[in-house]
Amino acid sequence: MDSRFDAETIAYLQMIQDIVSRMSNISVAFKGLATTLFVGALSISMPESLPRRIAVLSAAFAVVVLLCFCDCNYLLCERRYRRLYNEVRLGNHE
């Protein structure tokens, strides 16, 4: 670290970095959950009749789309926190 940062700035940067790290971990969890749900629904629906298979896969697809929207929201918030981190690091933020 540069000597121009005081203890408060370093603590603030660490807090922002912790938030970004936590949001990144949640994003990975969403992706894993979406994959697990879709593969599970696919394996459950295989021995069923065609209308039942379509219903199960449609429900799973709807859940996956919902998780994708949540993931996109977390990625957008993470990008904003990264921008805030850079502003604080460069001294453009109070």
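Accessible areas here come from the Shrake-Rupley method with a 1.4 Å probe, and for residues only the protein chains shown count as cover. You're looking at a predicted model, where local features need pLDDT of at least 70, side-chain atom pairs count only at pLDDT 80 or more, and totals for chains, interfaces and linings use all residues. Residues are numbered from 1 along each chain as its sequence is written, and side-chain values use heavy atoms, leaving out hydrogens and water.

Next, switch to C-alpha atoms. They fill a box of roughly 70 × 15 × 15 Å along the principal axes. The radius of gyration (taken over C-alpha atoms) is 21 Å. A compact globule of 94 residues would have one near 12 Å, by the rule of 2.2 Å times the number of residues to the power 0.38.

Then select F38, L42, M46, F61, V65 and F69, a nonpolar surface patch with about 580 Å² of accessible area together. Helix 1 (7-45) and helix 2 (50-90) are the elements giving two or more residues to this patch. Helix 2 gives the largest share, three residues, and F61 sits in helix 2.

Last, look for what's hidden: 20% of the 94 residues are buried, meaning under 20% relative accessible area (1.4 Å probe, protein chains only).

Methods. Patches are made of residues with over 30% relative accessible area and no salt bridge: like charges are joined within 9 Å, nonpolar side chains (Val, Leu, Ile, Met, Phe, Trp, Tyr) within 5 Å. A salt bridge is a side-chain nitrogen of Lys or Arg within 4 Å of a carboxyl oxygen of Asp or Glu. Helices (H or I, at least four residues) and strands (E, at least two) are DSSP runs, numbered from the N terminus. Buried means under 20% relative accessible area, exposed over 50%, partly exposed in between (1.4 Å probe, protein chains only).
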